[in-house]
Amino acid sequence: MITTRLPMPGNGPRPERPRPVDSRPPHTPLRPTWCCRADGQPWPCGEARLLLRLEYDGNSAGLTIYLAGLMYEAMRDLYHLNPHDGPAPRTLFDRFVAWGASRRPAAHRRPDSP
Ligand SMILES: [Zn+2]
């Protein structure tokens, strides 16, 4: 039998980063709402972004992979919580992934790249 349905992907990364820096609650997401457990802001909050940039210094590909995996997990949770009026995919992409993407200097871009 041929089907057009794709298999359900497995779980993404565990949201354990940024790692705690002291005994206070870490700036990691609370599921399923994806708010920061330390300050209640939408995750990744400003502090989480700073700490993630430090943790992934020199490994922007690793940061992007981590963030994209968590974006997928957040989509699963948030659309389950609010199936008819969940956040737009572009909104989630900007919130989770776009801010952490590495930017090549303009001099190294190919003419056809954005
Ligand atoms: Zn936070």
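What percentage of the contacts in the protein chain with a separation of 6 or more is accounted for by residues 24 or more positions apart? And how is the zinc ion held?

Analyst: This is a predicted model. Residues 24 or more positions apart account for 55% of the contacts in the protein chain with a separation of 6 or more. The chain has three helices and two strands, and from the N terminus on these elements follow the order β-β-α-α-α. Of the 114 residues in the chain, 28% are buried. The chain exposes about 8,000 Å², and carbon and sulfur atoms supply 58% of that area.

Now the metal site. Four residues coordinate the zinc ion: His27 through ND1, Cys36 through SG, Asp39 through OD and Cys45 through SG. The distances run from 2.0 to 2.2 Å. The arrangement counts as tetrahedral because the angles subtended by the four donor atoms are 98 to 124 degrees, and the criterion asks for all angles to lie between 85 and 135 degrees. Along the sequence, the donor residues are spaced H-x8-C-x2-D-x5-C. Within this set, the pair of histidine 27 and aspartate 39 links distant parts of the chain, 12 residues apart. Histidine 27 sits in the segment before strand 1 (29-30), while aspartate 39 belongs to the loop between strand 2 (35-36) and helix 1 (46-55).

The two residues of this pair fall into separate accessibility classes. Histidine 27 has 17% relative accessibility and therefore counts as buried, the cut-off being under 20%. Aspartate 39, at 34%, counts as partly exposed.

Threonine 28 is also in the segment before strand 1. Its relative accessibility is 4%, so threonine 28 counts as buried. The side chain of threonine 28 makes a polar contact with the side chain of arginine 37, at 2.7 Å. Leaving out residues up to four places away in sequence, threonine 28 touches Pro15, Glu16, Arg17, Pro18, Cys35, Cys36, Arg37 and Trp43. One of these, Cys36, is also a zinc donor through its SG atom.

Elsewhere in the chain, proline 89 lies in helix 3, which covers residues 89-96. Beyond its neighbours within four places in sequence, proline 89 is in contact with Met75 and Tyr79. Methionine 75 is 14 residues from proline 89 in sequence, and their C-alpha atoms are 8.1 Å apart.

Notes. Residues numbered from 1 in each chain as written. Predicted model: local features only at pLDDT ≥ 70, side-chain atom pairs only at ≥ 80, totals over all residues. Heavy atoms only, no water. Donors = N, O, S within 2.8 Å, 3.2 Å for Na, K, Ca; no water. Tetrahedral: all angles 85-135°; square planar, octahedral: opposite > 155°, others 65-115°. Helix = DSSP H or I, 4+ residues; strand = E, 2+ residues; numbered from the N terminus. Buried < 20%, exposed > 50% of the residue type's maximum accessible area, 1.4 Å probe, protein only. Contact = heavy atoms within 4.5 Å. Areas by Shrake-Rupley, 256 points an atom, 1.4 Å probe, with all protein chains shown as cover. Polar contact = N/O pair within 3.5 Å; in protein donor to acceptor, adjacent residues only side chain to side chain.
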